[in-house]
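Here are a few notes to go with the model on your screen. Have the chains coloured separately and work through the points in order.

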Amino acid sequence: MEQKSSIGLGLRTAAAVICALIVLFPVLWMVAMVFKPADVMFARPTVFFYTPTLANFAYVIEQGFVNNLITSLALGIFSTILVVIIGTPAAYSFARFELKAKEDLFLFILASRMAPPVCLVIPFYLIYAKVGLLDTFVGLSLAYMTFNLSFYVWVLRSFCRDLPVELEEAAILEGWSKAQVFRRIVFPLLRNGIVATSVLCFIFAWNEFLFAFMLGGDSVQPLPVAIPKLITAQGVRWGEVAVVGVVSLIPVLAVVVLLQRHIVRGLTMGAVKG
Amino acid sequence: MVTITATTTGQATRRNSAALYPYLLIAPTMITLVLVSLVPFIYAVYLSFHQAKYGRVTDFIWFDNYVMLLTSGTFWNSMYVAGVFVLIAVPVEFTLGMAGALVLNKGVWGRSILVPLLFIPTMMAPIVVGLLWKIMLAGSWGVLSYNIIERFDLVSGTSIFASERYALLALVFIDIWQWTPFMMLAFFAGLQALPQGPYRAAAVDGASQIQIFARLTLPLMAPLLFVIGLLRFIDAFKIFDTIFILTKGGPGTTTESPSLLAYKMTFEFWNIGEASALAVFVWIIFFAVCTVFYHIAKKKLNAF
């Protein structure tokens, strides 16, 4: 019996490792491409072993991709901070209080989250063209609110509901003001939820393509937009493209390691506690 | 929860401010969402009733844009593309995800290393996912094109993305690659949260593995399956980034999803009126799906 179960465990592990390799192979291949010299890039048959080079990095830096990187970081951080400031009180309120037409408000939030970005980008583009928000930092951050603010409020609400009400009630009986209750009880207890949810918001902003592509321009051009610009009919500098792709993976890897449980919770809109 | 301290003076104003407090907290969010989501929607509705080409909004033309849209082959083609995409990708992701979750749940060595790795494809930028597969499946030099597709002569022509027959299936495959690991982890989290009591009872009664899965696990997981299924359905229907970088809707219109069609109508043909009609149409379908979904999830399944 003992032996049988350990054979089963071994088989399951082998299957899991094979699946993981299938899943990760393309990612690893792109990481390897970063160090690939140009002459073996298109070799037939495929060359698996080569002397690594850093030439691809040099070109990428030369092309000013550091600017794209800074834009991406700044946009992600700024838009996420806005979302946290605006959304945290709302999430708390939805979790704690009885509101009139709560269901309708909720549906509105859900609908904002679900709306196809391409539907939004058309009116956004025309409105922005009129008010001069095209290719501006503020304009793009605002556009990211459509999916990030609604996401943040919805998911953080599920974290709020995990907090014990008793503490807050006791504090109010003690004569604390509502602001004190929020600052000294709710906020500290909610910190993990806020960090997890806002980091996911950052990643969504970091990964976003369509808004950045249509509403951005030469001065506001985050990383995902820089990638297709390298892929032209005249030819593609694949090594350089891979470098940009790998750089854009770095925060994703950090999140995947640090936030595992919360990713499921976030991506199922709080339906799975994780 | 809201407590009001009784004082002789100003009781009414306090009561008022206490009643307003929850609304004050949600006001900034609601105002922002009205600006960034309701206003664009209303503007899209306005545009969809107008003759709007090349950035000039001219005549009010009632439903002409909608009529044009709904009688055009390109629109129904895009619906067909999205339909094929969703109806193959989502069930496959579900099945493989569930199978993987059951295996994970039975126990695997090194699970704590495996789990974060499996999140990578889902958390990556869709544009980078497209890029990855452009590299893997590039005509002639792509590592999979050369070593598998060409060797076994699976697809004729330069690249799988140029094949009318297989381009859409390649995109489906990429979606499956991207989302199955996530489905697996989400179902796994669901399995881990199930109560142990019923399983002990079933074991005592001598129920078979299949009976346990069909009569116990599936019903207990129903709310979760429903939520994940619908979120995935909606996301798959919206797909844009990977198609944009890989095929741009081609060859011909064989991979032109509704999102891609709306994009092309707007930014390639500048037919903003009809594009807005398409946007509003898709929007309304989504809103209807969301409403039904929300009420079922809330009332019947007690999810959220």
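Why is helix α11 of chain A largely enclosed by the rest of the structure?

1. Keep in mind that this is a predicted model. Now to the question: α11 of chain A covers residues 223-230, and six of its eight residues are buried, so the helix is largely enclosed by the rest of the structure. If you want to click on the buried ones, they are Leu223(A), Pro224(A), Val225(A), Ala226(A), Ile227(A) and Leu230(A).

2. Next, have a look at where the two chains meet. On the chain A side, 84 residues are in contact with 81 residues of chain B. Helix α1 of chain A (residues 2-33) supplies the largest share of chain A's side, with 14 residues. Sorted by class, that side of chain A has 64 nonpolar, 14 polar and six charged residues.

3. Now for a helix pair inside chain A. Two packed helices are described by the angle between their axes and the distance between the axes. For α4(A) (residues 65-96) and α9(A) (residues 178-207), the axes come within 9 Å and cross at roughly 140 degrees. Angles over 145 degrees would count as roughly antiparallel, and α4(A) and α9(A) are therefore oblique to each other. The crossing of α4(A) past α9(A) is right-handed.

4. Which residues do the touching in that pair? From α4(A) they include Ser72(A), Leu75(A), Val83(A) and Tyr92(A), and among those they meet in α9(A) are Val186(A), Ile194(A), Phe202(A) and Trp206(A). By class, this contact has eleven nonpolar and six polar residues, with no charged ones.

5. Another helix pair reaches across from chain A to chain B. Helix α6 of chain A (residues 117-131) packs against helix α11 of chain B (residues 258-267) at an angle of about 15 degrees, with the axes 9 Å apart. That angle makes α6(A) roughly parallel to α11(B). Here the crossing is left-handed. Val118(A), Cys119(A) and Ile122(A) meet Ser259(B), Ala262(B), Tyr263(B) and Thr266(B). In class terms, you get five nonpolar, two polar and no charged residues.

6. Finally, turn to chain B. Its division is into domain 1 (11-48) and domain 2 (66-300), and the centres of these two domains, taken over C-alpha atoms, are 34 Å apart. Their contact takes five residues from domain 1 of chain B and eight from domain 2 of chain B. On the domain 1 side, four are nonpolar, one is polar and none is charged.

Methods: Residues are numbered from 1 along each chain as its sequence is written. Chains are lettered from A and ligands numbered from 1 in the order in which they are written. This is a predicted model: local features need pLDDT of at least 70, side-chain atom pairs count only at pLDDT 80 or more; totals for chains, interfaces and linings use all residues. A residue is buried if 20 or more other C-beta atoms lie within 10 Å of its own, exposed if 12 or fewer, and partly exposed in between; C-beta atoms are placed from the backbone. Helices (H or I, at least four residues) and strands (E, at least two) are DSSP runs, numbered from the N terminus. Two residues are in contact if their C-beta atoms, placed from the backbone, lie within 7 Å. Ala, Val, Leu, Ile, Met, Phe, Trp, Tyr, Cys and Pro count as nonpolar, Asp, Glu, Lys and Arg as charged, and the others, Gly among them, as polar. Axes are lines fitted to C-alpha atoms, for helices over the stretch in contact, and angles run from 0 to 180 degrees between N-to-C directions. Angles under 35 degrees count as roughly parallel, over 145 as roughly antiparallel, 65 to 115 as roughly perpendicular and the rest as oblique. A crossing is left-handed if the near helix is turned anticlockwise from the far one by less than a right angle, and right-handed if clockwise. Domain bounds come from an automatic or database domain assignment.
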